[in-house]
Amino acid sequence: MLFGTIKDDDDAIKIAKVFTVTNILESKRGSTAVDELIMKLVDDEEDFDKYPWGRRSFDETIKGLISAQECDKKGYELCGFPLAFQVWGFEVIPLLGESFATRVGRRIPRLLNWKLLKNP
């Protein structure tokens, strides 16, 4: 496969899976390296579907929280699944929600209840 071209739908699905895991579940900003395990799993649909992605995302989130706690900076980047924390912040800190988002509903999952006005 040449850079910038996709041979077929299978390749497009694999790229979408890698993107989803690395950029949404793990949110590894600034990193261009993809874990070798992820690359192996996208080649086996059954193994990919059985893999405990929720646990992996949770573990990455906890690692991000621990490293942020140990950090002496004014700000930090949370890796893992930070959208859950972002929505939680909107729900429990009204000023935060009003500053960055608009509530558009009251459903489950709560992520669907918010429309971002700007990135926090």
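Phe85 counts as partly exposed because its relative accessibility is 33%, where partly exposed lies between buried (under 20% relative accessible area) and exposed (over 50%), with a 1.4 Å probe and protein chains only. The residue lies in helix α5; helices (H or I, at least four residues) and strands (E, at least two) are DSSP runs numbered from the N terminus. The model is predicted, with local features requiring pLDDT of at least 70 and side-chain atom pairs counting only at pLDDT 80 or more, while totals for chains, interfaces and linings use all residues. Residues are numbered from 1 along each chain as its sequence is written, and side-chain values use heavy atoms, leaving out hydrogens and water.

Phe85 is one of the residues forming a nonpolar surface patch of about 830 Å², together with Phe58, Ile62, Leu65, Ile66, Trp88, Val92, Ile93 and Leu95. Patch residues have over 30% relative accessible area and no salt bridge, and nonpolar side chains (Val, Leu, Ile, Met, Phe, Trp, Tyr) are joined within 5 Å; a salt bridge is a side-chain nitrogen of Lys or Arg within 4 Å of a carboxyl oxygen of Asp or Glu. Two or more residues of this patch come from each of α4 (53-70) and α5 (82-92). The most is given by α4, with 4 residues.

The chain holds 6 helices and 2 strands, in the order α-α-α-α-α-α-β-β from the N terminus on. Of its 120 residues, 25% count as buried. The accessible surface of the chain is about 9,100 Å², 58% of which belongs to carbon and sulfur atoms, by the Shrake-Rupley method with a 1.4 Å probe. Among contacts (heavy atoms within 4.5 Å) with a separation of 6 or more, 33% are between residues 24 or more positions apart.

Notes
Patch = residues over 30% accessible without salt bridge, like charges linked within 9 Å, V, L, I, M, F, W, Y side chains within 5 Å.
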